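Please have the sequence and the model open before you as I speak.

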Amino acid sequence: MVGGSRGIGLAVAELLAAQGAGVVVNGRDLGAATAAAESISGIAYAGSPADPDVADALVDTCAAEFGRVDILVNCAGTAEPAGSSILSVTSAEFRDLLDAHLGTVFETCRAAAPRMVAQGSGAIVNTSSFAFLGDYGGSGYPAGKGAVNALTMAIAAELSEHGVRANVVCPGARTRLSTGSDYEQQITDLNRRGLLDDVSMQGALDAAPPEYVAPTYAYLVSDAARDVTGRIFIAAGGFIGEFARPTPGFIGYRDHHGAPPWTVEELHESISKA
């Protein structure tokens, strides 16, 4: 359980443990990871799984303690600095944000997938965010979450023949990253600037606790979801939804064997009417 020491990750870890799963709780803070693990009779392993050695050791610990690695849940993440945008983010900040989100997911999936393939089964659930749409501002955070979606879809396609599933949850829940005056100011500013509509703003400011999100993760790793893979779900309070798989809409067509390339003027005419 990556990012299982606090917030959504802790709620998921608690629910999985209550349903009989053996859980390894990971978090960067050793004290928080240990406290969370003790509360559910699990095992703590601290460190950042964006580090490949930590990711390998985390998966090895699960296999050593429980004999198998059946489930991988990634809930780790970090907020983008308040007010950050492409106009202000530094290269170092951007790389750190990608590492925290995409790097962690990649390294843990890389470490766990061979074990799952070898045993012919496994379930991966990675955490993304509505922010991948760009509506919540920032740069590194939405880029990282969008990349998590794409990576998870690729993993699902590649591992399907081996009995391994991979899905995404975009959660909406009240955590330490989504509370406080700075967070509230950020959300209201996004609404004022027209990036966030009124409904989304209200949902962000009045999110339900993590316990309302956890069941979606528990379902996706259960045998009941054995045929569910390669999908991006939304879990926010009492709302469950899904982002449809993007498909291209028709704008225009010409046969390149018998027609010249589109001119800029022709493209403008077609696209402006779409």
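Predicted model: local features only at pLDDT ≥ 70, side-chain atom pairs only at ≥ 80, totals over all residues.

Across which strands does helix H5 lie? Helix H5, residues 140-159, lies across S4, S5 and S6. With S5 in particular, the helix makes an angle of about 155°.

Five strands form an open sheet in the order S3-S4-S5-S6-S7, and the pairing is mixed. The edge positions belong to strand S3 (71-74) and strand S7 (239-243); each has a single partner strand, so one side of each is left without a neighbour in the sheet. From one strand to the next, the twist averages 20°.

Within this sheet, strand S5 (residues 164-172) pairs with strand S6 (residues 232-236) in the parallel sense, over five bridges. For one of the residues concerned, Cys170, the bridge partner in S6 is Ile234. Helix H4 also packs on the sheet, where it touches S3, strand S4 (122-127) and S5. The direction of H4 makes about 175° with that of S3.

How many cavities of 30 Å³ or more does the structure hold? There is one. The largest cavity contains about 40 Å³ of space. Its lining consists of Asn74, Cys75, Ala76, His101, Thr104, Val105, Thr127 and Lys145.

I now move to an open site, the second largest pocket, which holds about 300 Å³ of space. Its lining comprises 17 residues, and those closest to the centre of the pocket are Met1, Gly22, Val24, Cys62 and Ile71. Two or more residues each come from helix H3 (52-66) and from S3. H3 provides the largest share of the lining, four residues. The lining of this second largest pocket divides into 14 nonpolar residues, one polar and two charged.

Finally, a point of backbone geometry. Ser41 sits in the loop between helix H2 (30-39) and strand S2 (43-46). Phi of Ser41 is near 60°, a positive value in a residue other than glycine. Is the residue Ser41 buried or exposed? With a relative accessible area of 71%, Ser41 is exposed, because a value over 50% is what the term requires.

That concludes the presentation, and I thank you for your attention.

Technical notes
Residues numbered from 1 in each chain as written. Heavy atoms only, no water. Buried < 20%, exposed > 50% of the residue type's maximum accessible area, 1.4 Å probe, protein only. 1 Å grid on protein atoms, 1.4 Å probe; cavity = no way out; pocket = protein on both sides within 12 Å on 5 of 7 lines; lining within 4 Å. Points joined across faces, edges and corners; volume = space filled by probe spheres on them. Pairing = 2+ DSSP bridges. Axes fitted to C-alpha atoms, helices over the stretch in contact; angles between N-to-C directions. Contact = heavy atoms within 4.5 Å. Nonpolar A, V, L, I, M, F, W, Y, C, P; charged D, E, K, R; others polar.
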